[in-house]
Protein chains: 2
Amino acid sequence: MAAQGPSRRDRVRQATLAEIRAVARKLLIEQGPAAVTINAVAREMGMSGPALYHYFAGHDELVGAVTADFFRELTAVVEAARDSCPPDEHGRRLLAACRAMRGWAITHQAEFGWVFASPNTAERRPDSPRELAGRDFEQVFLEEVAELWKARPFPVPAPGELHPSIAEQLRVYADSSGVDMPVEAVHVFLTCWIRLYGLLCMEVLNQLSFAYSDLEPVFEECLREMIPKLGLDYDEATSSR
Amino acid sequence: MAAQGPSRRDRVRQATLAEIRAVARKLLIEQGPAAVTINAVAREMGMSGPALYHYFAGHDELVGAVTADFFRELTAVVEAARDSCPPDEHGRRLLAACRAMRGWAITHQAEFGWVFASPNTAERRPDSPRELAGRDFEQVFLEEVAELWKARPFPVPAPGELHPSIAEQLRVYADSSGVDMPVEAVHVFLTCWIRLYGLLCMEVLNQLSFAYSDLEPVFEECLREMIPKLGLDYDEATSSR
DNA sequence: ATGGTTCCCTAATGGCAGTAAGGAAGCCTC
DNA sequence: GAGGCTTCCTTACTGCCATTAGGGAACCAT
């Protein structure tokens with residue numbers, strides 16, 4: 001007798017779900033975001049359009065699921081890069097994670113761009129898979145910095161030096177994300193995050209092509225500026241020791 | 001006899017063009033980017049859909065024209081703010097321009113977000129009105145920094161210290177934009193630009209709402225970090241002297 | 001076997017971009 | 001001022017889209 005696993009029906013369903021998302025991604029890559037339609041995905045699979053409604057409540061949900069996939073894949077890539085460095089070398093781990101993020105972004109421009117400017121940029125419920133996966137992704141960096149903070153605290157603004165409004169907002173955020181750092185350290189982290197992620201955002205949305213054709217050295221310089229803010233040494237973190 | 005101005009026909013046509021763009025903007029603000037369709041705009045004006053094709057070659061061109069309008073309006077607002085400060089106080093002028101940019105961005109979130117994630121983020125010809133207006137906008141900041149450089153050069157990396165690839169890319173850019181600064185100074189400018197504009201980009205695309213609800217103080221802090229890079233004093237530039 | 005569940009289909013609605021063809025109105029020249 | 005050209009706008013149409021409704025077939029548990 002077979003092990004009491006998921007039923008055959010369940011397995012087929014999961015396979016279909018996976019195929020739908022794979023086809024959606026293929027269409028995105030090959031023909032752009034606008035080509036990711038319920039009908040086109042179904043057609044590509046040899047199904048009728050309405051059949052897909054047994055798997056996704058509508059176009060928005062499909063878009064959200066695909067976006068969540070991208071976040072999960074990106075998270076895995078970044079975690080793998082991070083874990084290719086020893087657990088105590090936080091500088092190297094962070095740099096590896098950041099570079100892996102950009103590496104994925106430029107080798108998967110369609111996917112990364114989709115994350116920022118997906119068809120439904122607006123109405124997002126905070127409990128959607130998309131948002132959960134997005135927070136998980138960001139959490140990878142946050143936790144690595146928290147580890148760093150625990151092992152070797154970096155310089156932060158003195159309590160009270162922070163703008164009161166920022167301090168209050170970050171208190172809420174730190175509570176909700178359950179990270180164990182003072183808000184001042186969270187602020188330093190987010191400042192770095194905004195610069196890195198913002199640079200990628202602009203790169204991928206073609207907002208910098210008027211001046212740059214290759215932003216790799218700009219990104220690297222951004223890292224070089226970021227690393228000392230976390231009390232780390234760029235050369236040390238870059239060299240293989 | 002009337003002055004030899006544009007013919008009546010021309011005037012009517014210009015008025016219709018203006019109304020189309022105004023209605024498109026109204027739809028964007030009231031119902032989001034997806035509501036800006038040829039048909040909806042025409043309906044709102046009491047016209048049939050196909051009639052709009054006498055004014056715009058297609059949906060993409062309409063989108064581009066509206067985007068160009070936004071850039072032009074933003075440019076005017078930023079220029080006005082800049083010119084409200086004396087011509088020789090470059091620090092105050094720059095700060096005023098930056099704050100005006102964010103002010104417009106948050107009071108016109110729909111429009112500013114549209115600039116980044118308009119329906120046709122992809123294929124953009126460099127001679128489209130959208131691109132021209134976009135470069136004019138960015139030029140406002142570039143030129144103010146160039147003035148500053150002429151009046152009181154700020155510290156820049158030594159020649160050769162810059163990554164060769166960046167130097168080469170910026171040489172091309174500096175030539176094409178006809179600005180009279182060494183590439184090292186252009187690099188400092190673009191570094192600042194990327195931070196400011198990137199922050200706004202992320203804010204407006206809702207990429208930071210997981211942590212922040214009000215980014216005004218974050219933006220202000222960004223300015224505070226930026227200003228010394230241009231050899232200016234934040235307090236001096238902020239105070240009214 | 002049977003009854004419910006799941007899956008998928010066709011049909012249909014209404015909206016979209018864009019094309020085609022024709023009518024009316026303005027304008028310009030002879 | 002009469003024809004003729006241009007411009008503007010219309011309706012009709014194609015083919016796409018999202019989504020809903022309803023029905024048939026396969027599957028599964030009892």
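A residue is near a strand if one of its heavy atoms lies within 4 Å of that strand. With that in hand, let's walk through this predicted model, starting at the DNA.

Around DNA strand D there are 20 residues, and the closest are R43(A), Y53(A), S48(B), H54(B) and Y55(B). Which helix gives the largest share of this surface? That is helix 2 of chain A, with 4 residues. Helix 2 of chain A spans residues 38–45, and helix 1 (8–31) of chain A and helix 1 (8–31) of chain B also supply at least two residues each. Sorted by class, the surface near DNA strand D holds 8 nonpolar, 7 polar and 5 charged residues.

On the base side, a polar side-chain atom of H54(B) sits 3.0 Å from a base nitrogen of DNA strand D.

Now for the two protein chains. Chain A can be superposed on chain B by a rotation of 180° with 0.0 Å of shift along the axis, at an RMSD of 0.0 Å. The two copies are therefore related as by a two-fold rotation axis. Within chain A, G198(A) has the C-alpha nearest this axis, at 2.5 Å. Both copies use the same surface: 100% of the contact residues of chain A recur in chain B.

Is G198(A) buried or exposed? Its relative accessible area is 2%, so G198(A) counts as buried, the cut-off being under 20%. Leaving out residues up to four places away in sequence, G198(A) touches W193(A) and M202(B). The C-alpha of E216(A), 18 residues away along the chain, is 14 Å from that of G198(A).

Let's finish in the interior. In soluble globular proteins, nonpolar side chains tend to be buried together. Here the largest nonpolar core has 173 residues, and F141(A) and F141(B) touch the most other members. Beyond its neighbours within four places in sequence, F141(A) is in contact with V78(A), L94(A), A97(A), C98(A), M101(A), F189(A) and W193(A). W193(A) is also touched by G198(A).

Notes
Residues numbered from 1 in each chain as written. Chains lettered and ligands numbered in written order. Predicted model: local features only at pLDDT ≥ 70, side-chain atom pairs only at ≥ 80, totals over all residues. Heavy atoms only, no water. Least-squares fit on C-alpha atoms with pLDDT ≥ 70 in both. Contact = heavy atoms within 4.5 Å. Core = buried A, V, L, I, M, F, W, Y, C linked by side-chain atoms within 4.5 Å. Buried < 20%, exposed > 50% of the residue type's maximum accessible area, 1.4 Å probe, protein only. Polar contact = N/O pair within 3.5 Å; in protein donor to acceptor, adjacent residues only side chain to side chain. Nonpolar A, V, L, I, M, F, W, Y, C, P; charged D, E, K, R; others polar.
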